Amino acid sequence: TSAKVLQKVVFDHGVPLGVVKRIPELLETPVMVFRSATVDGRYVVVTSEMVRCAPLIVAISPETTRGNVALNFVPSLYPRDDLQAIQRWLNVTMPG
C-alpha cells in the first residue's frame, strides 16, 4: 500500500499501527471474502480483527504489477461499523 493510504488508515480511520502490521496474517484467515461491486478484479475481505467494535475490512487488488514487481495491493482498509452493509453483501452473494 502507499504512504498516503497508511496515513488515512491510521489517522482518519483510527486503525492502530500494530493492527496494520498484522494485515498479512489477517488476510491468511479471512472471515468472508467478496468480489468488489465497484472495482473489477478487486476483493473485499472481512477480517476477524475488531477496531472500535467494528470488523476490519480490507480491499485488495491481487496480482497487481508496479513496475517489474507483482504484488497484492491494499488500496483501503477500515473498520466497517455499518453491519447492514455486510449483510447486503451476503444477500447479493447468496440470494435466498
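Predicted model: local features only at pLDDT ≥ 70, side-chain atom pairs only at ≥ 80, totals over all residues.

Biologist: Why is Ser61 called buried?

Modeller: Ser61, whose place is in strand 3, has a relative accessibility of 13%, and because buried means under 20% relative accessible area, Ser61 counts as buried.

Biologist: What makes Glu25 partly exposed?

Modeller: Glu25 belongs to helix 3, which covers residues 23-28. Its relative accessible area is 45%, and since the term exposed is kept for values over 50% and buried for those under 20%, Glu25 is therefore partly exposed.

Biologist: How do you know that the side chains of Ser61 and Arg42 are joined by a polar contact?

Modeller: The contact between these two side chains is 3.1 Å, and a polar contact calls for N or O atoms within 3.5 Å, one able to donate a hydrogen and the other to accept it. Leaving out residues up to four places away in sequence, Ser61 touches Arg42, Leu71, Asn72, Phe73 and Pro75.

Biologist: What makes a set of residues here a nonpolar core?

Modeller: The members must be buried residues of the listed nonpolar kinds, joined through side-chain atoms within 4.5 Å. The largest such core has 14 residues, and Val9, Val15, Ile23, Leu56, Val58 and Leu77 have the most contacts inside it. Helix 1, helix 2, helix 3, strand 2, strand 3 and strand 4 each supply at least two residues of this core, and strand 3 gives the most, with three. Apart from it lies another core, of six residues, including Phe34, Val46, Tyr78 and Ile86.

Biologist: Which residues is Leu77 in contact with, leaving aside its neighbours within four places in sequence?

Modeller: Leu77 is in contact with Val9, His13, Val15, Ile23, Leu56, Ile57 and Val58.

Biologist: What volume does the largest pocket have, and which residues are closest to its centre?

Modeller: Its volume is about 310 Å³, and of the 16 residues lining it, Arg35, Ser36, Ala37, Val44 and Trp89 are the closest to the centre. Helix 4 (83-93) is among the elements that supply at least two lining residues, along with strand 1 (32-35) and strand 3 (54-66), and the largest share, four residues, comes from helix 4.

Biologist: How is that lining divided by class?

Modeller: The lining has 10 nonpolar residues, together with three polar and three charged ones.

Note on methods. Residues numbered from 1 in each chain as written. Heavy atoms only, no water. Buried < 20%, exposed > 50% of the residue type's maximum accessible area, 1.4 Å probe, protein only. 1 Å grid on protein atoms, 1.4 Å probe; cavity = no way out; pocket = protein on both sides within 12 Å on 5 of 7 lines; lining within 4 Å. Points joined across faces, edges and corners; volume = space filled by probe spheres on them. Nonpolar A, V, L, I, M, F, W, Y, C, P; charged D, E, K, R; others polar. Contact = heavy atoms within 4.5 Å.
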